[in-house]
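Hi everyone, thanks for coming. I'd like to walk you through one structure today, so let me put it up on the screen.

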Amino acid sequence: MSHKRIPKRKAAIAAGGVVALGAAAILLPNANASQDAASDAAPRTLKAADASQLAARLAGALGDAFAGSYYDAGGRQLVVNVVAGDNDNVIVQAERAGAKVREVRNSLAALRTGAQTLRSEAAVPGTAWAVDPRTNKILVTADRTVTGGDWDRLESTVKGLGSGIADVKRSKGTFKTFLSGGDAIFAGGARCSAGFNVTAGDGTPAFLTAGHCGVAAAQWSDSQGGRPIATVDQATFPGAGDFALVKYDDPATQAPSEVNVGQQTVAISQAADAAVGLQVFRMGSTTGLNNGQVTGVDATVNYPEGTVTGLIQTDVCAEPGDSGGSLFTQDGLAIGLTSGGSGDCTVGGETFFQPVTTALQAVGATLGDGAGGAGAGAGAGQGAGDQAGQGAGDGAGDQAGQGAGAGAGAGDQAGAGQEAGAGQGPGAGQGVGGGNADGSGKAGAPGSGDGLGRIVGSGGGD
């Protein structure tokens with residue numbers, strides 16, 4: 001399916017499927033997790049996918065002491081919150097695993113109890129909340145429609161949670177789903193975006209999109225007024241998610257595991273869970289490709305149509321027609337499906353996404369060729385593999401430069417190597433990792449050539 005519009009923040013995609021953005025973008029470094037036993041007590045440098053895996057392991061190992069985590073993209077470290085009490089062993093355990101540890105006041109259980117209270121006492125349309133591990137509080141957002149008695153009710157409920165449990169902020173826009181009526185996938189007057197191609201449980205080709213698109217119409221076309229090509233098989237909205245499985249009517253349909261970003265495609269290797277701080281990209285049929293950061297997980301949103309739970313909160317912009325579109329990482333991990341939010345791509349705002357992992361689990365589908373099966377975690381299987389790989393190349397700008405970085409891949413241990421970037425199209429060249437492949441060969445410096453840096457090096461491994 002064609003996505004024709006790519007405004008403001010553009011992207012060039014390498015043949016290997018790695019994204020390189022212009023100066024407005026923030027790229028995830030492909031840094032390696034240290035395997036040196038001598039540095040066990042120091043925070044490790046981690047890829048975002050590896051940080052998500054470590055967070056999941058520590059959540060199980062630390063039990064009630066675990067109070068959430070987030071990814072520090074600048075330091076490329078996992079930050080873990082703990083309520084240690086008298087048990088200093090949990091801090092030692094987390095540090096030895098390679099995390100940076102913070103002692104905090106609020107336990108995850110207390111924050112979740114607060115979120116449940118909000119849902120039972122203040123679930124008015126136009127409100128949303130999610131636990132923010134960076135502040136160790138619940139971040140409550142109210143759009144401009146929440147006024148009068150509803151606003152008083154919300155403020156009173158938050159105050160009743162106790163000091164230091166939750167903060168309230170205003171959103172300039174209005175929380176709504178991003179279904180519209182024009183391009184991408186169509187049903188009557190409705191327009192949405194396809195998310196990710198999948199294989200249904202019966203082996204037939206299908207794709208995931210937003211649940212509110214799935215309940216809006218049963219059959220969808222890839223052109224306005226065109227013949228239907230796919231039929232909704234399952235849809236959830238509102239309630240425990242916002243996702244739909246739509247099966248292609250022709251069982252011989254070729255449904256590659258990739259995201260079309262306009263002129264090129266990004267290969268999608270598997271599904272992964274989101275983590276606060278994760279740098280992500282969103283593709284939609286209205287606004288094209290945009291990027292931003294995950295700001296909350298397990299978010300609750302009270303749309304006019306009803307309450308939806310278990311969503312990912314981000315600062316990525318979106319507009320009507322983007323619903324169902326794909327949220328993914330620069331190294332090809334499927335993260336979410338566009339649900340809704342406030343604002344637009346001129347003023348910004350909050351956008352919420354359905355996690356792909358839970359959608360796959362619920363509908364019994366697998367991602368693409370099965371590499372990202374139902375509920376698959378980040379970093380397993382594809383890419384560089386478990387052992388180190390090598391990659392090399394040059395950066396093209398006015399003057400060629402080389403940058404040492406990490407080999408690309410989504411395996412448990414990323415490969416080490418050098419990344420290369422070639423200028424293509426207008427903009428500043430950038431690479432990935434410690435060796436940004438720009439014209440000067442200096443990390444983070446704008447390229448002196450006229451191209452966006454295109455990463456052509458890739459990690460190999462066992």
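Predicted model: local features only at pLDDT ≥ 70, side-chain atom pairs only at ≥ 80, totals over all residues.

Is Ser193 buried or exposed? Its relative accessibility is 0%, so Ser193 counts as buried. A polar atom of the Ser193 side chain lies 2.9 Å from the backbone nitrogen of Ser285. If we set aside the neighbours within four places in sequence, Ser193 is in contact with residues including Ala184, Ile185 and Thr209. The list of contacts of Ser193 also has Gly284 and Ser285, and then Gly321, Asp322, Ser323, Gly324 and Gly325.

Gly284 deserves a word of its own. Gly284 belongs to strand 20 (residues 279–284), and with a relative accessible area of 0% Gly284 is buried. Look across to Ala194: its C-alpha atom and that of Gly284 are separated by 8.1 Å, while the two residues are 90 apart along the chain. Thr366 and Ala271 are 95 residues apart along the chain, and 9.1 Å separates their C-alpha atoms. Thr366 has a relative accessible area of 27%, so Thr366 counts as partly exposed.

Now to the nonpolar cores. Which residues touch the most other members of the largest nonpolar core? In this core of 47 residues, they are Leu58, Leu62, Leu78, Val80, Leu118, Ile138 and Val140. Helix 1 (residues 48–62) gives the largest share of this core, with 7 residues. Another core lies apart from it, with 24 residues, and Ala206, Val259, Leu337 and Leu360 are among them. Let me come back to Leu62 for a moment. Beyond its neighbours within four places in sequence, Leu62 is in contact with Val80, Val82, Val90, Gln93 and Ala94.

How much space lies in the largest pocket? About 1,000 Å³. The largest pocket has 38 lining residues, and those nearest its centre are Leu108, Arg112, Ala274, Val297 and Asp298. Among the elements that give two or more residues to this lining are helix 1, helix 3 (108–122), strand 21 (288–303), strand 22 (306–314) and helix 6 (356–363). By class, the lining is made up of 21 nonpolar, 13 polar and 4 charged residues.

Asp298 brings me to backbone geometry. Most residues other than glycine have a negative phi, and most peptide bonds are trans. Asp298, in strand 21, has a positive phi of about 55° although it is not a glycine. Its relative accessible area is 54%, and Asp298 is therefore exposed. Asn136 also has a positive phi, near 60°. Asn136 lies in the loop between strand 6 and strand 7 (137–142), and with a relative accessible area of 6% Asn136 is buried.

One last stop: which residues does a cis peptide bond join? They are Phe237 and Pro238, and omega is about -15°. You'll find Pro238 in the loop between strand 15 (230–236) and strand 16 (243–248).

That's my tour, and I'm happy to turn the model around for anyone who wants another look.

Key. Residues numbered from 1 in each chain as written. Heavy atoms only, no water. Core = buried A, V, L, I, M, F, W, Y, C linked by side-chain atoms within 4.5 Å. Buried < 20%, exposed > 50% of the residue type's maximum accessible area, 1.4 Å probe, protein only. Helix = DSSP H or I, 4+ residues; strand = E, 2+ residues; numbered from the N terminus. Contact = heavy atoms within 4.5 Å. Polar contact = N/O pair within 3.5 Å; in protein donor to acceptor, adjacent residues only side chain to side chain. 1 Å grid on protein atoms, 1.4 Å probe; cavity = no way out; pocket = protein on both sides within 12 Å on 5 of 7 lines; lining within 4 Å. Points joined across faces, edges and corners; volume = space filled by probe spheres on them. Nonpolar A, V, L, I, M, F, W, Y, C, P; charged D, E, K, R; others polar.
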